[in-house]
Amino acid sequence: MMSNEEEEPLSPCESDPMIRELLLKSVLLDLSQGYRFLIEYDTEDNPEMVHDAESIVQAICAERRVIRLAP
């Protein structure tokens with residue numbers, strides 16, 4: 001039975017677990033090289049500095065604005 005409501009498309013992280021795994025490895029490498037990440041949240045006025053790779057990947061997968069700062 002078809003629903004009249006359109007389903008929200010899957011993010012690349014949801015549709016292919018390999019993308020999420022590679023993204024996590026990339027973020028971990030960046031963190032180890034001294035890069036810093038800021039994440040913009042809807043409830044915050046200013047981006048928040050985040051040091052946890054899993055939180056950074058979740059934000060990217062949720063299509064939040066993530067700012068990557070060079071060391």
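Me: In what order do the strands of the open sheet stand, and is the pairing parallel or antiparallel?
Reply: Strands of a sheet pair through backbone hydrogen bonds, in either a parallel or an antiparallel way. In this predicted model, three strands form an open sheet in the order S2-S1-S3, with antiparallel pairing; two strands pair if DSSP finds at least two bridges between them, and helices (H or I, at least four residues) and strands (E, at least two) are DSSP runs numbered from the N terminus. Strand S2 (48–50) and strand S3 (66–69) are at the edges with a single partner strand each, so one side of each has no neighbour in the sheet. Neighbouring strands are turned by 30° against each other on average, direction ignored, where axes are lines fitted to C-alpha atoms, for helices over the stretch in contact, and angles run from 0 to 180 degrees between N-to-C directions.

Me: How many bridges join S1 to S3, and how many pair S1 with S2?
Reply: Four bridges join S1 to S3, and Arg 36 has Leu 69 in S3 as its bridge partner. Strand S1 (residues 36–39) pairs with S2 over three bridges, and Leu 38 stands opposite Met 49 in S2.

Me: At what angle do H2 and H3 pack, and which residues make the contact?
Reply: Contact means heavy atoms within 4.5 Å. Helix H2 (residues 17–32) packs against H3 at an angle of about 130°, the axes being 9 Å apart. That makes H2 oblique to H3, because angles under 35 degrees count as roughly parallel, over 145 as roughly antiparallel, 65 to 115 as roughly perpendicular and the rest as oblique. The contact involves Arg 20, Leu 23, Leu 24, Val 27, Leu 28 and Leu 31 of H2, together with Ala 53, Glu 54, Ile 56, Val 57, Gln 58, Ile 60 and Cys 61 of H3. Helix H3 (residues 53–61) also lies across S1, S2 and S3, at about 45° to S1.

Me: Where is Tyr 35 placed, and which residues does Tyr 35 touch?
Reply: Tyr 35 sits in the loop between H2 and S1 and, leaving aside residues up to four places away in sequence, touches Asp 30, Arg 68, Leu 69, Ala 70 and Pro 71.

Me: Where in the chain is confidence lowest, and where is it highest?
Reply: The predictor's confidence in each residue is pLDDT, from 0 to 100. Confidence is lowest in helix H1 (residues 12–15), at a mean of 83, and highest in S1, at 97, while the chain averages 88, with 90% of the residues scoring at least 70. Local features need pLDDT of at least 70 and side-chain atom pairs count only at pLDDT 80 or more, whereas totals for chains, interfaces and linings use all residues. Residues are numbered from 1 along each chain as its sequence is written, and side-chain values use heavy atoms, with hydrogens and water left out.
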